[in-house]
Amino acid sequence: MNVPRAARLGRLWSDPGAVATLILGVLLLGFALSVKFPVVAFGFQSDEATYYSIGHSLASDWDLQFQRRDLVRVYREFPSGPEGIFLKRGRSVRLDWQGRPPFVRWVKGPDPRADRLYYGKSFVYPLFAAPFIALAGTNGFLVLHALLLTACFGATYAFVRARSSSAAALAYAVVFLFASAAPVYFVWLTPELFNLALVLLGLFFWAYKEVAPAAVPTGTWLDRWGRLLRSPWSDVIACALLGIATFSKPLNVLAAAPVLWLALLRRQWGRVALVSLAFVAATGGLFLINGISSGDMNYQGGGADRSTFYGRFPFMTPDATFDSTGIVRATDGLLTDVIFNRDALTTVLRHNVVYFLVGRHTGLVPYFFPGMLTLALFLLAGRQRREPFQWLVVLALVLASVSILIYMPFTYSGGGGPVGNRYFLGYYALFLFLVPAAVTVRSAVVAALVGGLFTAQLIANPFYTSFNPATHPKYGAFRWLPIELSLVNDIPVNVTPSRAKQPLAGDPPVQAYFLDDNAYGREGEWFWVRGESRADIILRAPARPHPDGAFTSLAIDALEVEVATGAAAPVVRIDSGAERIQVAPGAKSGQVVRVKMPEGFPYKAIPGQPLNRVYAVSISASEGFIPLFDEGVNDRRFLGARIRIRPLYRDDRYQAPAAR
């Protein structure tokens, strides 16, 4: 059936989702092309230096090799250099084709790649960005993000619209993407948004036919597009996209599981074979390309041949080499000493489940509330509003979450000062496919109100949020949430050295992490708590070394807290988690109190390192004074109480063997 062109366009423009998608795309592209990224980005954070260099190397040199010209290219835009770049040596191996299984094997042999440097991160995200980098420079990364986020918006609207009103679908699409932490990663030159888009679009190709109404033949491109989405080939496209996402971040592998599970449950053996082949071909093919390029199929492996660099980089000076400037960072081994220690599956996992859901820095509720609300709506919906395939999505979400927490119990958020849980960002897309039938605008409004309570400040200025990830948890509703003691080395405060790992009193000294601005800078073993404020502090008990190389982990039984006041007479409250104490020494006075401590969180993130006990303590002062006005000295701080913390240790039950 032929439909007049005017009628086809009129039908398209009458759909509010199509109009909104087009407007969003124009706005995002305008932003991507107009912003001066090197100026507003403040510099590199996390893994950006590596992906930036790969993207420009592919766009300009058509290779994945790090050379002097790549280093010079970075300095043209970022005078600080590629801080944190991951590089690896090429391996001296070659492909040996055989006439019998396994047909292909890696064998050692002469190869000039062994004297070359390659990038130690996945190349697939920069590969997709490379054409846009060639046209728009570094802003090409943002152009790719604009296109991906626009496509995600259109797919979200289409999926929800299949069973709900256009108003509800439009509202939900806006809220799902923009009342979460996802838009912050629009300005990150890392694959987080790329992975989210691949997973969302991949599962959209698979799941749309499960909820879509019957197609109405129109003879237009929309009709052909609809037939593709309803055909078995949509599963092949889905698994190809999910395979690319898995190569980009292997943690995403379980996102493809529902596609295979549904075909298995329906005994569609041909489809099982087809989707499996598509997934393996996409993932395995990309790993094979990486192996052919650098001599190592695992871009994160390499043992001592993979390092990260700060301050000095290979080719920077004649004496700056890979060996003389790098810090070894290989991730090709299983951290059995960390995963299977005596606390990992008991204390650590139990606490991590709480942190994973409602943690101050990484929780799904504060950073991905629309998804959590969608899950709740699905579980509360009647049977007629749910589809069988959606239970497979729930199962994949649960398995993925538990697997991440077990596999990386002390680094599950991604490290490097993330905003929310960047390792989980790809799986956030799965929540979309739990939307029950006939979802309402009211649900979207609730998601916007609660989600916006946490994320509005994040997306208002994503560049500032990205470069200052420790700022937003200091204020507002984030202060109501628990502190992730399992991530003490990865929480954003670590990007500010003056606030992390600060030695206080004790023999040996206890380390303090000041999580907010309500505790002023350390003055020897003392620090001031701001007036009319509560300071949240992490305390990390050390390990006592022995001459033979062994060590004994220490636990804190109690804290001896010395409180001193100035011109004000505040009430000082101390909460250790095991005891709450209130003292009021009066103005210009002091008092010493003893506070009981809980057992402490067992922290052992690095094999071969001692186990530490970690604690969360809060100290507040009810009032304060400004020395400039009350004491006539040039100190403009609003001071509450001066605090000295001395830990009372005992030997923990955990004793490590002597170093080998």
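Author: Let's take helix α8, residues 166–178, in what is a predicted model. Its 13 residues reach 18 Å from the first C-alpha to the last, close to the 18 Å expected at 1.5 Å a residue. Now for the side chains: Ala168, Ala169, Tyr172, Ala173, Val175, Phe176 and Leu177 are buried in α8.

The largest nonpolar core has 151 residues, and the ones with the most contacts inside it are Trp206, Leu430, Phe431, Leu432 and Ile538. The largest share of this core comes from α9, with 15 residues. Zoom in on Leu430 and, leaving aside residues up to four places away in sequence, you'll find it touching Val199, Leu203, Ala255, Val393, Ala396 and Leu397. There's also a second, separate core of 32 residues, which includes Val510, Ala519, Phe527 and Val529.

On to the charges. The count comes to 25 salt bridges. In one of them, Glu523 meets Arg637 at 3.2 Å, N to O. Glu523 sits in the loop between β9 and β10 (526–530), and Arg637 in the loop between α23 (627–630) and β19 (639–656), so the pair ties together parts 114 residues apart in sequence. Glu523 is partly exposed at 31% relative accessible area, and Arg637 is partly exposed at 23%.

Glu523 also forms a salt bridge with Arg642, at 3.9 Å, N to O. Because Arg642 lies in strand β19 and Glu523 in that β9–β10 loop, this pair ties together parts 119 residues apart in sequence. Arg642 is partly exposed too, with a relative accessible area of 26%.

Strand β19 also carries Arg646, while Glu560 lies in strand β13 (residues 551–564), so their pairing ties together parts 86 residues apart in sequence. The closest N and O atoms of Arg646 and Glu560 are 3.0 Å apart. Arg646 is partly exposed at 29%, as is Glu560 at 23% relative accessibility. Elsewhere, salt bridges that share partners join Asp61, Asp63, Arg69, Asp70 and Arg73 into one network.

One backbone detail to finish: Trp62, in the loop between α4 (48–60) and β1 (65–66), has a positive phi near 60° despite not being glycine. Trp62 is exposed, with a relative accessible area of 76%.

Methods: Residues are numbered from 1 along each chain as its sequence is written. This is a predicted model: local features need pLDDT of at least 70, side-chain atom pairs count only at pLDDT 80 or more; totals for chains, interfaces and linings use all residues. Side-chain values use heavy atoms; hydrogens and water are left out. Helices (H or I, at least four residues) and strands (E, at least two) are DSSP runs, numbered from the N terminus. Buried means under 20% relative accessible area, exposed over 50%, partly exposed in between (1.4 Å probe, protein chains only). The expected span of a helix is 1.5 Å times one less than its number of residues. A nonpolar core is a set of buried Ala, Val, Leu, Ile, Met, Phe, Trp, Tyr and Cys residues joined through side-chain atoms within 4.5 Å. Contact means heavy atoms within 4.5 Å. A salt bridge is a side-chain nitrogen of Lys or Arg within 4 Å of a carboxyl oxygen of Asp or Glu.
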